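Open the model in your viewer and keep the selection tool at hand. The stops below say what to select next and what is there.

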Amino acid sequence: MWDDTTRQRFHTLRARERQGALTTAEQAALHGLYSDLEEMEASALRPAIARKRHETEKLQVINSALRDVIQDLGEHFCYDRRRQDANNLLDIADRDFH
């Protein structure tokens, strides 16, 4: 985290930047402060990103398992449907020939 002096320096440089009054050295200093700020934000986000990545991996495993179950159910449904159709045909044939 930045101390009050660094924070104030950042705000001062940003104000001067908006005014178009930055020197080359101040531009470099502001660029360095932005880099520091981006690294602090990235560090703060790393744990959340890791959690989300882990959650995503878990959901992908669950999704794959659900796909397998749905495929199995579809195959069973088709088998049951074919069996039912065959039984219906046998019932019709039995009725028609007796």
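Start by selecting residues 4-19, which form helix H1. Helices here are DSSP runs of H or I with at least four residues, numbered from the N terminus. The expected span of a helix is 1.5 Å times one less than its number of residues. Gly20 follows H1 and has a positive phi, near 75°.

Before the next stop, note that this is a predicted model, in which local features need pLDDT of at least 70, side-chain atom pairs count only at pLDDT 80 or more, and totals for chains, interfaces and linings use all residues. Residues are numbered from 1 along each chain as its sequence is written, and side-chain values use heavy atoms, with hydrogens and water left out.

**The core**

Select Trp2, Phe10, Leu13, Leu22, Leu30 and Leu33, the 6 residues of the largest nonpolar core. Such a core is a set of buried Ala, Val, Leu, Ile, Met, Phe, Trp, Tyr and Cys residues joined through side-chain atoms within 4.5 Å. Buried means under 20% relative accessible area, exposed means over 50%, and partly exposed is in between (1.4 Å probe, protein chains only). H1 and H2 each supply at least two residues of this core. In soluble globular proteins, nonpolar side chains tend to be buried together.

**Salt bridges**

The whole structure holds 4 salt bridges; each is a side-chain nitrogen of Lys or Arg within 4 Å of a carboxyl oxygen of Asp or Glu.

- Select Arg16 and Glu26, whose closest N and O atoms are 3.0 Å apart. Arg16 is in helix H1 and Glu26 in helix H2, so this pair ties together parts that are 10 residues apart in sequence. Glu26 is buried at 13% relative accessible area, while Arg16 is partly exposed at 26%.
- Select Glu39 and Arg46, joined by a salt bridge of 3.1 Å, N to O. Glu39 is partly exposed at 41%, and Arg46 is partly exposed at 45%.
- Select Lys52 and Glu55, where the N to O distance is 3.5 Å. Both lie in helix H2, 3 residues apart, about one turn of the helix. An α-helix has 3.6 residues a turn, so residues three or four places apart point the same way. Lys52 is exposed at 53%, and Glu55 is partly exposed at 36%.

**The surface patch**

Select Leu59, Ile62, Leu66 and Ile70, which make a nonpolar surface patch of about 410 Å². Nonpolar side chains (Val, Leu, Ile, Met, Phe, Trp, Tyr) are joined into a patch within 5 Å, and like charges within 9 Å, using residues with over 30% relative accessible area and no salt bridge. Areas come from the Shrake-Rupley method with a 1.4 Å probe, and for residues only the protein chains shown count as cover. Ile70 lies in helix H2, residues 24-97, and is exposed at 59%.

**Two distances**

Select Thr12 in helix H1 together with Ile62: their C-alpha atoms are 51 Å apart in space, and the residues are 50 apart in sequence. Then select Lys58, in helix H2, and Arg81: 23 residues apart in sequence and 34 Å apart, C-alpha to C-alpha.
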